[in-house]
Amino acid sequence: SNPIIDTLYKDPKHPMNVRIGNLMNQMTIEEKIAQMTQIDREAATPDIMRDFSIGSLLSGGGSVPRDQATAKEWVDMVNSFQNGSLSSRLGIPMIYGIDAVHGNNNVYKATIFPHNVGLGVTRDPDLVKRIGAATALEARATGIPYVFAPCIAVCRDPRWGRCYESYSEDQKIVEQMTQIIGGLQGDVPPNSRKGVPYISGRNKVVACAKHFVGDGGTKDGINENNTVVNWHELLSIHMPAYYHSIIKGVSTIMVSYSSLNGVKMHGNKDLVTNFLKGTLRFRGFVISDWKGVDKMTVPEHANYSHSLLEAINAGVDMVMLPYNHTEFRTIVLSHVKNNLIPISRIDDAVERILRVKFTMGLFENPIADYSFVDKLGSQAHRDLAREAVQKSLVLLKNGENADTPLLPLPKKTSRILVAGSHANNLGLQCGGWTIAWQGLDSKNLTVGTTILNGIANAVDPTTEIVFSENPEIEFVKANNFSYAIVAVGEPPYTETAGDNKNLTIPEPGLSTMKNVCGSVKCVVVLISGRPLVIEPYLNTIDALVAAWLPGTEGQGVADVLFGDYGFTGKLARTWFRTIEQLPMNVGDKHYDPLFPFGFGLTTKGIRA
Ligand SMILES: O=[N+]([O-])c1ccc(O[C@@H]2O[C@@H](CO)[C@H](O)[C@H](S[C@@H]3O[C@H](CO)[C@@H](O)[C@H](O)[C@H]3O)[C@@H]2O)cc1
């Protein structure tokens with residue numbers, strides 16, 4: 001029979017620590033282990049949430065209620081699971097997380113902001129903070145109060161498939177961009193205790209600094225591989241942004257799949273417990289990555305019981321399973337009963353999880369409403385994303401010399417050519433982590449403005465625009481174009497699928513670029529998650545723009561190409577000359593880049 005429940009913990013009049021203590025004293029060990037459990041929505045039902053008191057749900061990349069689900073459908077889905085949780089014995093609300101890494105990117109019609117590789121170029125922490133605030137609203141529009149962002153990786157090798165999720169190779173820029181946490185969660189009140197999780201209200205979300213630690217420093221940029229650094233390199237390159245995130249009140253931190261000097265981060269007690277929770281005084285909760293515990297072994301899940309023992313004892317508080325909550329519960333229960341995981345470790349984990357849930361007001365407001373649905377893809381957010389695109393572009397070449405610049409382009413001329421696979425394709429300009437986990441090569445993936453749309457909006461109505469993705473040389477020569485804009489680059493990719501040892505411009509983009517630029521004055525707009533091999537073609541290119549992965553607001557590209565706004569972006573990543581030079585980062589003894597860190601030509605805009 002269920003003992004009478006003391007509902008003091010539900011009363012916000014009491015101090016948080018009293019509420020946490022009152023609740024924990026009533027929780028069974030099974031309920032405590034359940035709070036440490038995060039499963040994907042695909043593995044959950046309201047009944048499971050009720051019967052097991054599961055602490056958290058997530059949408060993994062691309063895990064949506066249905067294709068092109070509306071904001072209201074998202075809210076209804078989240079609430080149906082939450083009502084299950086609220087009908088559990090103690091009614092502890094669950095927290096729903098999603099990867100909103102460049103806007104609420106799984107959601108159809110969401111504003112898709114430039115990926116971090118472009119935001120680092122802006123060196124504008126205030127802009128990034130405003131993007132955080134907009135992202136929080138677009139997450140709340142779908143009823144979601146927790147996002148697995150920001151990624152504060154310091155990518156040290158562009159061969160890494162996740163390099164575009166990193167703001168820069170320079171930790172000082174990454175530190176600056178932790179300002180996004182204030183946008184996502186709200187600003188920590190002055191003179192409040194450091195290291196304590198903070199969320200200011202229902203228009204903000206719980207953030208997650210990831211992936212702890214050294215994810216961007218793996219050997220040859222091999223995803224989830226081994227980062228070999230000494231203590232000084234770790235503390236001066238990969239760790240500072242965590243210190244800044246904690247000072248800014250980040251509520252959760254996600255552990256990296258990678259290893260540090262041969263030790264799997266998911267089992268690294270020295271760094272997760274002793275350093276992060278001890279030395280840095282982090283008081284929020286530490287969450288594993290997706291199957292991060294399974295992946296402690298090869299093959300994955302080979303000795304799950306031992307991996308769970310190691311990960312939880314190392315300091316992981318919540319495990320992103322994301323399936324099979326019963327297996328997890330059985331194993332962890334057994335480790336606690338056999339005293340292999342001390343109950344004090346379980347209590348520390350649950351206390352941290354509850355502290356975040358109480359701090360964010362989840363007990364007071366567990367059910368989402370439709371009050372933010374109009375924020376999803378709002379014009380104000382699209383205008384903000386457009387500003388970010390403008391500031392993220394880097395002008396690498398502008399004519400043969402300063403006296404004969406090609407940019408800004410004239411809006412009024414007889415006829416222009418727009419070419420390239422990436423000129424009219426929202427999926428390609430958004431990149432990975434967009435609608436689908438891997439992104440999609442799809443022209444109308446979601447709602448937005450392609451680069452071609454933007455050009456058409458920008459030029460004089462009398463200017464004829466001819467669009468051809470991959471024109472023949474004869475066609476280009478025969479049509480007397482004033483100039484051509486060629487948008488080419490990488491296909492969308494995410495994580496290991498993006499690991500790449502040669503970093504060449506994929507076909508047919510390379511041929512398109514050579515055919516067009518060999519026949520008419522051309523501006524190449526490179527859409528990529530990182531620097532690519534470009535030196536062999538520089539002589540045939542009249543102007544070169546690095547646009548990174550701009551997202552849905554392609555108008556921002558035309559704004560700068562045609563001079564409404566000036567080019568201001570400066571490289572936040574070294575542009576290598578040849579692949580053999582990698583890894584090569586600013587400050588290295590041997591530094592011979594094609595374009596150095598901080599490089600970027602400028603132009604004057606008529607508006608700014
Ligand atoms: O079908 N397969 O072959 C396949 C293979 C691997 C998969 O692996 C999984 O795919 C995605 C879901 O489909 C998951 O998002 C993760 S990624 C991980 O997930 C977290 C939550 O989304 C993010 O915050 C982290 O930053 C990120 O490192 C995983 O890699 C999925 C499917």
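With 608 residues, the chain would have a radius of gyration near 25 Å if it were a compact globule, and its value of 25 Å agrees with that; the radius is taken over C-alpha atoms, and the globule rule is 2.2 Å times the number of residues to the power 0.38. The C-alpha trace spans about 85 × 50 × 45 Å along its principal axes. This is a predicted model, in which local features need pLDDT of at least 70 and side-chain atom pairs count only at pLDDT 80 or more, while totals for chains, interfaces and linings use all residues. Residues are numbered from 1 along each chain as its sequence is written, and side-chain values use heavy atoms, with hydrogens and water left out.

Buried residues make up 63% of the 608 residues in the chain, where buried means under 20% relative accessible area, exposed over 50%, and partly exposed in between (1.4 Å probe, protein chains only). The secondary structure comes to 20 helices and 17 strands, these being DSSP runs numbered from the N terminus (helices H or I, at least four residues; strands E, at least two).

Strand E13 (residues 415-419) is mostly covered, with 4 of its 5 residues buried. E13 pairs with strand E14 (residues 464-468) over 5 bridges in the parallel sense, and Leu 417 has Val 466 in E14 as its bridge partner. E13 also runs parallel to strand E15 (residues 483-489), to which 4 bridges join it, and there Val 418 stands opposite Ile 485.

In a regular strand the side chains alternate between the two faces of the sheet. In strand E2 (residues 56-59) both faces are covered, as Ser 56 and Leu 58 on one side and Leu 57 and Ser 59 on the other are all buried. Strand E1 (residues 37-40) pairs with E2 in the parallel sense over 3 bridges, and the bridge partner of Gln 38 in E2 is Ser 56.

The ligand has 16 residues around it, of which Asp 99, Arg 162, His 211, Asp 289 and Glu 495 come nearest; a residue is near a molecule if one of its heavy atoms lies within 4 Å of it. The shell divides into 8 nonpolar, 3 polar and 5 charged residues, with Ala, Val, Leu, Ile, Met, Phe, Trp, Tyr, Cys and Pro counted as nonpolar, Asp, Glu, Lys and Arg as charged, and the others, Gly among them, as polar.

| Residue | Ligand atom | Distance |
|---|---|---|
| Asp 99 | oxygen | 2.5 Å |
| Arg 162 | oxygen | 2.7 Å |
| Lys 210 | oxygen | 2.9 Å |

The protein covers 70% of the 620 Å² of accessible area that the ligand has on its own, as given by the Shrake-Rupley method with a 1.4 Å probe.

Some backbone features of the loops deserve a separate note. Most residues other than glycine have a negative phi, and most peptide bonds are trans. The peptide bond from Ala 149 to Pro 150 is cis, with omega near 10°, and Pro 150 has its place in the loop between strand E4 (146-147) and helix H7 (171-177). Gln 68, although not a glycine, has a positive phi of about 60°; Gln 68 lies in the loop between E2 and helix H4 (71-86) and counts as partly exposed because its relative accessibility is 46%.

Conventions. A polar contact is a pair of N or O atoms within 3.5 Å; within protein, one must be able to donate a hydrogen and the other to accept it, and residues adjacent in sequence count only if both atoms are side-chain atoms. Two strands pair if DSSP finds at least two bridges between them.
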